[in-house]
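Please look through the structure below with its chains in mind. The paragraphs that follow take up a helix, a sheet and a contact in turn.

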Amino acid sequence: MGVQLTKRAKPVDRRPMTWLESLYLWNIMKGMAVTIKHFFSRKVTIQYPEEKRSYSDVFRGLHILNRDEEGRERCTACGLCAVACPAEAISMEAAERKPDEEHLYREEKYAARYEINMLRCIFCGLCEEACPKDAIYLSKTHAPANYHRKGFIYKKEDLLIPNPLTEPEEYKKALGTIKREPKS
Amino acid sequence: MYILAIDWLFIIEKLILIALIVTLCMIVAMYATYGERKVAAYIQDRYGPNRAGPLGILQPLADGGKLFFKEEVVPLASSKILFVLGPMLAMVTALITSAVIPWGTALSIGKNTIPLQVADINIGVLYIFAVVSVGVYGIMIGAWASNNKFSLISGVRAASQMVSYELALGLSLIAVLMVSGTMQMSEIVSLQQQHGWNVLYQPFGFLIFFICAMAECNRTPFDLPEAENELNMGYHQEYSSMKLGFYLFAEYINMFMSGILMATLFWGGYDIPFVDETKLAAGIGQNWVAFLSFSMLMIKACFSVFLFMWIRWTIPRFRFDQLMHLGWKRLVPLALLNMLITAAVVLWLNK
């Protein structure tokens with residue numbers, strides 16, 4: 001005997017076959033008993049479109065740009081998420097808020113353009129951690145397939161959460177896909 | 001009235017019967033493919049096809065439609081006529097076995113009684129032997145005509161396997177013939193109705209017959225002619241579209257027919273167990289009994305088909321030398337022994 005690493009190792013049985021075993025029929029019947037047991041056992045298939053596998057609580061999927069309670073965008077285009085991003089998937093352009101846009105943007109500066117390349121993104125969640133404004137979250141959904149590379153570059157319109165004032169139902173639904181932990 | 005001394009009613013009756021039986025075989029073969037996939041799936045803890053129609057019941061139609069619309073490729077270097085003849089022969093030989101099978105008790109329409117059997121010939125079992133041995137040509141011709149090495153090897157394998165197992169098959173059947181004393185299929189069934197099923201007298205013969213039938217149908221564990229990992233696809237490598245479909249269909253029809261044969265020769269045919277058909281006919285009418293007996297035969301055959309599938313998804317394929325070893329060194333001597341013992345017992349009882 002050599003070194004034993006686990007206690008599960010079984011020595012190979014090299015005894016010559018008994019008469020019953022050499023007939024094969026008995027062993028085949030034993031095998032058939034095994035398969036018929038599986039025939040009646042519970043099936044493991046998840047019937048996909050009707051039935052979906054639930055996401056884990058810490059799942060990191062498609063990004064969502066958050067709004068505050070009055071439906072104003074929280075993002076101030078500070079660029080911390082872009083700096084934190086190891087895949088360099090995020091790019092943005094800042095703009096200054098005009099006096100009549102106070103109901104649209106929370107602070108004086110906002111992101112005029114905000115793009116995430118989903119082909120580059122590795123869904124690490126560092127942008128979410130870097131954000132000081134509670135603006136970006138990774139939701140429990142994932143990027144659907146697309147025919148073009150262009151389609152994977154998500155614009156601000158694709159990322160923004162629905163407005164809680166105009167579309168409260170959609171907002172609630174989208175909020176459900178975000179895991180919300182109290183940030184300290 | 002007779003024209004040219006031909007009983008036209010008789011011919012029409014037989015033609016209708018033939019059409020019905022061929023249709024039945026096709027439908028059964030179609031749903032055998034569905035059943036195969038379902039059984040495989042259930043044994044592997046899956047659901048199998050369940051999207052086309054309720055429970056996936058339309059899946060065979062979708063598969064058939066797909067096969068019809070596929071491109072029909074005939075390889076440049078193939079022998080064109082033989083290439084077409086191969087699947088045709090496979091299909092025809094699979095279907096013509098059904099001619100001598102008694103499918104149920106006779107129907108009575110008006111004053112006529114119509115037996116549910118196309119040809120009640122007195123050499124029924126011999127006819128089946130003949131058809132089964134022609135069955136190998138479909139595969140051989142197709143494999144040869146494809147001009148592909150894998151196909152050729154597969155054809156050679158199929159030929160040697162089928163010839164080897166035909167021997168033991170025949171020998172196990174001879175024992176049945178000795179017990180029943182006739183080769184007429186209807187006669188064999190009615191004898192079983194009177195004296196109990198042949199499987200009671202010939203359990204061993206049935207086992208040999210079953211194994212050989214599995215080998216004749218090229219089913220796992222005897223599916224060496226289409227061993228994917230050795231021969232790609234075997235004899236239907238070069239086939240596409242409905243020609244491939246015919247080969248696959250022929251396999252399932254063969255399976256169904258051997259199930260029917262096993263039921264007829266060993267499991268009492270259309271006999272409903274523990275029920276006297278003539279008494280039942282007085283009660284509920286001749287045609288209902290015919291229907292019930294036919295259903296009984298179908299149930300028996302379908303169980304055999306299920307058994308084939310069950311075995312297929314349980315055990316792996318034999319190696320070729322193991323196959324030959326089993327065929328020639330085990331089954332043939334055992335079948336011979338079975339035959340001799342049966343002969344001795346029959347002689348002793350008839351003394």
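Helices (H or I, at least four residues) and strands (E, at least two) are DSSP runs, numbered from the N terminus, and the expected span of a helix is 1.5 Å times one less than its number of residues. This is a predicted model, in which local features need pLDDT of at least 70, side-chain atom pairs count only at pLDDT 80 or more, and totals for chains, interfaces and linings use all residues. Residues are numbered from 1 along each chain as its sequence is written, while chains are lettered from A and ligands numbered from 1 in the order in which they are written.

Helix H8 of chain B, residues 203-216, has 14 residues and should therefore span 20 Å, which agrees with the 20 Å between its end C-alpha atoms. Because ten of these 14 residues are buried, H8(B) is largely enclosed by the rest of the structure; a residue is buried if 20 or more other C-beta atoms, placed from the backbone, lie within 10 Å of its own. Among the buried residues are Phe206(B), Ile208(B), Phe209(B) and Glu216(B), and the helices that the buried residues pack against include H5 (149-180) and H13 (320-350) of chain B. Just after H8(B), Asn218(B) takes a positive phi of about 55°.

In chain A, an open sheet of three strands has the order E2-E3-E5, with antiparallel pairing, where two strands pair if DSSP finds at least two bridges between them. Seven bridges join E2(A) to E3(A), residues 109-117, and Ala94(A) stands opposite Ala111(A) in E3(A).

The contact takes eleven residues from chain A and ten from chain B, two residues being in contact if their C-beta atoms, placed from the backbone, lie within 7 Å.

Definitions and conventions
Buried ≥ 20, exposed ≤ 12 C-beta atoms within 10 Å, placed from the backbone.
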